[in-house]
2 protein chains.
Amino acid sequence: VNRSSLGPGAEFDLIRRFLHRAPGGAGDHVLVGPGDDAAVLRDGGITLSSDVSVEGVHFRRDWLAPEEIGYRAAAAALSDLAAMAARPVGLLVSLAVAPEDAAEVAARVMAGVTELAEGFEVALLGGDLSRSPGPLVIDVTVVGRTSSPVLRVGAEPGDEVWVTGELGAAGAAVAALLRGETPRADAMARFARPTPRVAEAIWLAEQGIPRAMLDLSDGLLGDASHLSAASGVALVLEAASVPVHGAVSPGSAEERVSLAASAGEDYELCFCAAPGAGDRVGAELLRRFGVPMTRVGVVEQGAGVHWRHAGGGRSPPVLGGYQHFGGSR
Amino acid sequence: VNRSSLGPGAEFDLIRRFLHRAPGGAGDHVLVGPGDDAAVLRDGGITLSSDVSVEGVHFRRDWLAPEEIGYRAAAAALSDLAAMAARPVGLLVSLAVAPEDAAEVAARVMAGVTELAEGFEVALLGGDLSRSPGPLVIDVTVVGRTSSPVLRVGAEPGDEVWVTGELGAAGAAVAALLRGETPRADAMARFARPTPRVAEAIWLAEQGIPRAMLDLSDGLLGDASHLSAASGVALVLEAASVPVHGAVSPGSAEERVSLAASAGEDYELCFCAAPGAGDRVGAELLRRFGVPMTRVGVVEQGAGVHWRHAGGGRSPPVLGGYQHFGGSR
């Protein structure tokens, strides 16, 4: 995640501060610098992103098996390549683990990384390993290629806003775990072994559909605010259209939509497309990949993310995007 | 550091175990897979390496300013590109910091990274940021290019073993800090702001000098054992030839050589060259870069790393390479 295009929030302020100082962002070698889901080098379209996961912040050891920690970290990193419509080539894994975990846990974390890498035909290129005096930390850097990256910039007033899949399953699993309950199996699977939409993104880009795109790691509301900020437009979302995963329950319809749109780590795609363009490919996406896509709003002139209610009224959403600093968890 | 060619040691056993399971290491896209200082992709010679630094393992906050932590982490990562004679293009930084450090410390760490990046004309491509419930963790991934990487494989019996610079300054600084003393300023500078030998490595490779090379991150003895293992040869080092930094003191000559050859994090180059080849370029290297190079031994048939003493006797060294697990610190 090159989190920096950037809606509001303390984490984003912090990243913005150092990336604005970044040298070489517009250098000869760099086509896309910091500020999108991944960076892209000019020559060869090499696409790069890093994603760090920290025990006690992104996962808990009593929630996930070591294999799941590795799988999930690698899937989250690969999702940033999907967000650019880039084809993954390889990954590097840096792991910091407690000495008593070195023998077993590290090997099991790497087994999970390997399973994801094999499933997506991605090479494990290397990495690093250190003792940690504290939490388990895993940082995954992914490298891919694209000749025409899809950026966060590019949404235009009049465009439609689409998401793939159904939202909120990972969030529902986390909510259940926080209550001390056992999550529904399908929700837990989405949390523990998310599926980055790599092939879906490449196919959509080949059809020329997404004008601007990112992956949903911070939640629909949080990520929509990044897309809005990068493209310089307003995103107006229709609450009734949000595809809420069946595991998001109980609660009123409004509460379920709110959770589904606020919860992070779905790793679905969110993109803006010309009016009518999405309708032309939705059925084929479902047929090819078994993944639905749903129109959830429209792009307008202005700024920020807004809810449009069934009656026609409009309200700014309560920001629910995942934030590591000063955020909701 | 893709630490895996690999001499003995618990850390290396662990990395070896998962890299042997690595998918795609010899895949279509991969020219050099895990097991060298960096991986190299076939198309375009894209060279990649990650290097993680953990508070309490690689550095202490009472020893280094945040800027130095960032500079040093980025320099160490860049040194892995130097080890391949690759030209650096960019870097990604993942940072996990305590919430109370988010505002100031993270920005200062990134200022150090930026200073290194600007000095080496390397673009900051992106990264990630997380809260850490424990130590500060910084993982730097570097990307470069090379059309003809210099590997750890390739040393042949009869070759000479060379190192750049002088060894042991960083180790002397750490030793002083551990004793509660103030290190000599020149030693502290080498520890806090090491200089990766990027231009030196590229120039040496352009002259066709190194047949096999790595950078000295784990100490001469530790890294020589990796080179020995990768090339399937014995390295016989002459204790009297080791260029010991002036900050390594006091002690007998033998003690000083032992410390200089065991201490890690010098980030000098160690390479094997055909007999006489090094002598032809040493003066020019010194003239161009202000960096000496010294012949410290020879390559023989066999395995492992050995000391040859002044009298002609030979003994296996006590392994002193830096090890994160079960090691000397």
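How many bridges join strand β7 of chain B to strand β10 of chain B, and in which direction do the two strands run? Four bridges join β7 (residues 160-164) to β10 (residues 269-273) of chain B, and the strands run antiparallel. This is a predicted model, in which local features need pLDDT of at least 70 and side-chain atom pairs count only at pLDDT 80 or more, whereas totals for chains, interfaces and linings use all residues. Residues are numbered from 1 along each chain as its sequence is written, chains are lettered from A in the order in which they are written, and side-chain values use heavy atoms, with hydrogens and water left out.

**Sheet of chain B**

- Strands are DSSP runs (E, at least two residues), as are helices (H or I, at least four residues), and both are numbered from the N terminus; two strands pair if DSSP finds at least two bridges between them.
- Seven strands of chain B form an open sheet with mixed pairing, in the order β8-β10-β7-β11-β9-β12-β13.
- The edge strands of chain B are β8 (212-215) and β13 (314-315), each of which pairs on one side only.

**Salt bridges**

- Over all chains, the whole structure holds 42 salt bridges, each defined as a side-chain nitrogen of Lys or Arg within 4 Å of a carboxyl oxygen of Asp or Glu.
- A:Arg193 and A:Glu115 meet in a salt bridge (2.7 Å, N to O).
- A:Arg193 lies in the loop between α5 (185-192) and α6 (198-206) of chain A, and A:Glu115 in helix α3 (residues 105-119) of chain A, 78 residues apart.
- B:Arg152 and B:Asp37 form a salt bridge at 2.9 Å, N to O.
- B:Arg152 is in the loop between β6 (137-145) and β7 of chain B and B:Asp37 in the loop between β1 (30-32) and β2 (39-41) of chain B, so the pair ties together parts 115 residues apart in sequence.

**Accessibility of the paired residues**

- B:Arg152 is buried at 1% relative accessible area, and B:Asp37 is buried at 0%; buried means under 20%, exposed over 50% and partly exposed in between (1.4 Å probe, protein chains only).
- A:Arg193 is partly exposed at 30%, as is A:Glu115 at 39%.
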